[in-house]
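Please load the model in your viewer and keep the selection panel at hand. The tour moves from the whole chain to the ligand site.

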Amino acid sequence: MELKIYNSLSKKKEPIKVYNNKVTYYFCGPTVYWFQHIGNMRAFFVMDSVRRAVKYLGYEINHVMNITDVGHLTSDADEGADKMDVASKRENKSPEEIAKFYWDLCFKDMKALNIETPEHICPATSVIDEIIEFVQKILDNGFGYITKNGVYFDTSKYLNYGKLGGMNQQDKKFGARISVDDEKRNPADFVLWVIAKDNHIQKWPSPWGVGYPGWHIECSTIGNKFLGEHISLHGGGVEHKTVHHENEIAQNFACTGHEVVDIWFHLEHLMFNGGKMSKSSGGIYTLNNLIEKGYSPMDLRLFYLSAHYSKPQNFTFEALDNARDSYSNLKKLILKHKNGKNKIDEKVINDYKEKFDKFVADDVNTPLALSVLWDALKNNLDSADIYNLAIEFDKFLGLDLDKIEEEKSEIPTEIIEIAEIRKQARINKDYSKSDELRDKITSLGYTILDKPKNEYEIIKK
Ligand code: AMP
Ligand code: ZN
């Protein structure tokens, strides 16, 4: 079935295109200067849902995610300090140590949430030479200029600049303020290469002076390196629409002479206490915070699945409790069907599958796809056919449904009481009583294994 995704640029759902039989897919990755909270994780969950939709519907994929480990300033629009530089000074560690520490944590959370690893993960600092080449091409093609502070992109040269964010060049609110560099030609012009101040830690030689790349150029360069000049799908958080992706589009055109990305898609934010969940606005939770409170990563994944990526999702503990209850119901239903002996009419199974696939193909509609899983699982007849269908759906949903197993049954208190009396008998060296009680436990269907220091383990036979 053909996958259609809502294109933020054309404002229409469009079928994805393939290049050399593959969907080429880019998603803007994390800036590794701090913990990634569950808002950030919603972004990577969406990245994963789209990836899974592509694969589930039978396409091959080549997927790249960058890691920003240099050049992302505290404001997206070329102002403030470099986030990595700030973190290095804050934690008294090298930028490499900071990047590794926070990337490892982020990756661990992604794994726990069943977010599949893209074919390529590329830190910006690993492609500095390619970035310099990319900037040079932009200059050679007449889209850039050099000032005392670095190299800038001349936004007036790219006629479609502002189209994605729906703004025009007169709008002084977008792009950096001219005060940052008085040699800038237009307010929206953005930096491609920054000449480093003396105390800046991360810097490399370049034809324009020792410095470091602007934030936006890494994504164009990394996309070009791993996916080439045609990118089927490019995604990221909705805040990237007006600056970061606008700038990527302009850079891509300036380098290649044509538009590079077919479909731009954007996810809305995870909200908390009336605003976007973010470090600066206070209340954030990490996956670990939730695990400490007794929630599992799959509870959170099920919570994420319940909202479409194009809508903001409100985080509350009540909603997470509901997701936890739902996951526990899901487990019960899965187990009910797993050993079910009934045969379900093939047409019924096909109907479920057709509906499910239609929702996946229609702009990756996770909540509606999920509703088909529930419908199927609520079928009155216990059947392995339904179980197998759910496992197939889980290739898209990623809820670990195939790992759900009967929980080990609790040992009844009666057995534990007998075992405790036996333990006392052993301490008193009353071995005939101890043997008698062991036989009793065995006759009730349990085995007792003796451990050092009179400890024991009870196993159901
Ligand atoms: P950053 O590490 O700040 O570059 O953010 C990584 C990703 O998380 C970006 O794609 C952001 O758009 C996304 N993001 C940040 N906050 C939220 C949020 N509250 N909800 C959803 N996505 C978010
Ligand atoms: Zn990006």
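The stops below go from domains to ligand contacts.

This is a predicted model, in which local features need pLDDT of at least 70 and side-chain atom pairs count only at pLDDT 80 or more, while totals for chains, interfaces and linings use all residues. Residues are numbered from 1 along each chain as its sequence is written, ligands are numbered from 1 in the order in which they are written, and side-chain values use heavy atoms, without hydrogens and water.

Begin by colouring domain 1 (4–267), domain 2 (272–403) and domain 3 (413–460), whose bounds come from an automatic or database domain assignment. The C-alpha centres of domain 2 and domain 3 are 43 Å apart.

Next, select ligand 1 and the 16 residues around it, of which Thr 31, Gly 39, Glu 239, Leu 270 and Met 277 come nearest; a residue counts as near if one of its heavy atoms lies within 4 Å. Helix H1 (residues 38–56) gives the most to this shell, with four residues, helices being DSSP runs (H or I) of at least four residues.

Finally, show the polar contacts, pairs of N or O atoms within 3.5 Å. Nitrogen atoms of ligand 1 take part in each pair: a backbone N or O atom lies 3.1 Å away in Gly 39 and 2.8 Å away in Met 277, and a polar backbone atom of Leu 270 lies at 2.7 Å.

Definitions and conventions: Polar contact = N/O pair within 3.5 Å; in protein donor to acceptor, adjacent residues only side chain to side chain. Helix = DSSP H or I, 4+ residues; strand = E, 2+ residues; numbered from the N terminus.
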